[in-house]
Amino acid sequence: MLKKNRLMILFSLLLVFSFALAACGTTTDEPAADEPAADVPAAEEPAADAPAAEEPAVESPAERKVATFIWTQEFDTLNPYYSNMWFSIITQELWNQQPWIFDDANGPVPVLLKEMPSVSDDGMVITMNLRDELVWSDGEPLTADDFVFTYNMVMDPANTVASTYPFDQLTSMEATDERTVVMTFAEPFVPWVATMWSSILPEHILAPVFEAEGTIDEAPWNLEPTVSAGPFVFAEWESGSFVRFVRNDNYWGEPPKIDEIFFQFVPDDAAQVAALQTGDGDLGTFISYADVPTLEAAGVDLVTIKSGYNEGWFPLLWDNASPGILDVNVRKAMVMAFDRDSLNEDLLLGLTNTAASFWDNTPYVDPSIEPYPYDPEAAKALLEEAGWVDTDGDGIREKDGQPLVIRHGTSIREVRQDAQAVAQQQLAEVGIQLDIQSFDADILFAGFGDEGPCTTGEMDICEWSDTTAYPDPDIYYWLCSEIPTAEYPDGANWQNICNEELDGLFQAQAVETDPDKRTEMFHQISLIMHENVYWVGLWQDPDIWALNGRIQNAKISGVDPFFNIVDWELTD
């Protein structure tokens, strides 16, 4: 399972090569020189004894600078408020910038604003002052009304956005004039810097759609956002193949030095590695640790950026879940039967460590919490104590006539499928049957309304890599109010976990202005989650970026990777 066979690798190489040829064909959009009309007579040749006139030097047009980014997941949408997909969200600063972004020191930097917002003494009113020169790519002014419109679209129940958080913490949003936006909260909301405003929606484009349709769910702009406020603007999306963003000639800020960003979608990690090895890709990310030596040997620069991400298991405690996953002792036994340290040493080449909590690699981690140790004998004892016993000798424990079968789902990434196989084998040794499935990303991350496998009880555990509102520790996934229902299908608490003590702490930390007290709250949160096995850390998962030698001046942030994209250059 650790390596694909040679035929699969050859297929991936051929596939990437064909994608590269297609990319070349789609990005040469300059018109050919005009041909002379057929009935125009040719110029008379000079007499033989007359010197030929010197032809004027003709400057060839500058070659367009096109950067090719290799993505292993295709965007689900380009409307920032309809997606939780990392690959989609991180592109926002390329084409539709936020009011502020985070630099490579994880500090906020105003972009659409003259300075960072001011906060009232009571912490409940935040005022934003917009730059005077802001315009959309079609020349329309970007004003405070666009901010208010964005808020209204997120909060209107007719729009099935990914989440209303944290806009639902506001009591009002006002445009006091063309350049001033005032946000008012019911009480101080500490995580606002890290959680507010993933992007701005263009009122002049989407308001007519909303007025006509009563929703913007199916607005063409969601998939073809030809109006933007960033240094690039959408040009083309060929489903299953690529998306192109080209320089925004009406960009209000410093123009980018690159003419085009070409996102090439490839089917798996092997295809991404092949494209980076051959130079068909300029940048890749989500690099598997197992591929690090191969890329280093090919001379590809690898940059590791902490972003708070950790790979983990999310137990899904729905009423129709398998009985075993609802038993905390079974959850503990599963963790103790799975040798995560050896998994990281063997599968991930010892380049990372087992994550102890959701807050690993952040200042809010509780250093006293350690991962449950690998102890299959203790796991067996826990299962026996909880009444899970193999009575029929088939190797699988049962209780009340129900076999101990746990359904585990993750994406089709090879490293995750390999981890599934290891867990399946080791859990079987203590009498737990782990049924494993893998899904394309768009299926795995489908929400409650789309009957995704992680939100409907189809799976008992789902695995992916996730983070907080980094660099802030806030995360709303475990709020009771975020459990998805038919009335609220966009809820983010796919785990269906409603622990009153945990819920109270998550709500209290969001309004706690004392950093030390807030840190202590997250230590309490981590302990509750650890003792109840609400999340299981597999490995610490910082972002690994691969850049070939053509990209210059790139600085990558763990929050906003492309924060200085206008300064990126391409060299031959």
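The tour goes through a sheet, the helices on it, and then some backbone details.

The model is predicted: local features need pLDDT of at least 70, side-chain atom pairs count only at pLDDT 80 or more, and totals for chains, interfaces and linings use all residues. Numbering starts from 1 along each chain as its sequence is written, and side-chain values use heavy atoms, with hydrogens and water left out.

**The sheet**

Start with the five strands of an open sheet, in the order S17-S16-S18-S13-S19 and with mixed pairing. Strands here are DSSP runs of E of at least two residues, helices are runs of H or I of at least four, and numbering goes from the N terminus. Two strands pair if DSSP finds at least two bridges between them. Select 433–439 for strand S17 and 536–540 for strand S19: these are the edge strands, and each pairs on one side only. On average, neighbouring strands of this sheet are turned by 25 degrees against each other, direction ignored.

Next, select residues 405–411 (strand S16) and 461–466 (strand S18), which pair in the parallel sense over two bridges. Within this region, Gly409 stands opposite Cys462 in S18.

**Helices on the sheet**

Contact means heavy atoms within 4.5 Å.

Then show residues 414–428. This is helix H12, lying across S13, S16, S17, S18 and S19 and running at about 170 degrees to S17.

**Backbone details**

Most residues other than glycine have a negative phi, and most peptide bonds are trans. Another cis bond runs from Tyr470 to Pro471, with omega near 10 degrees; Pro471 is in the loop between S18 and helix H14 (500–509).

Go to Leu349, in the loop between helices H10 (340–346) and H11 (376–385). Its phi is positive, near 60 degrees. Leu349 counts as partly exposed because its relative accessibility is 38%; the classes are buried under 20% relative accessible area, exposed over 50% and partly exposed in between, using a 1.4 Å probe and protein chains only.

Finish at Asp400, in the loop between strands S14 (398–399) and S15 (402–403). Phi of Asp400 is also positive, near 55 degrees, and at 74% relative accessibility Asp400 counts as exposed.

Definitions and conventions: Axes fitted to C-alpha atoms, helices over the stretch in contact; angles between N-to-C directions.
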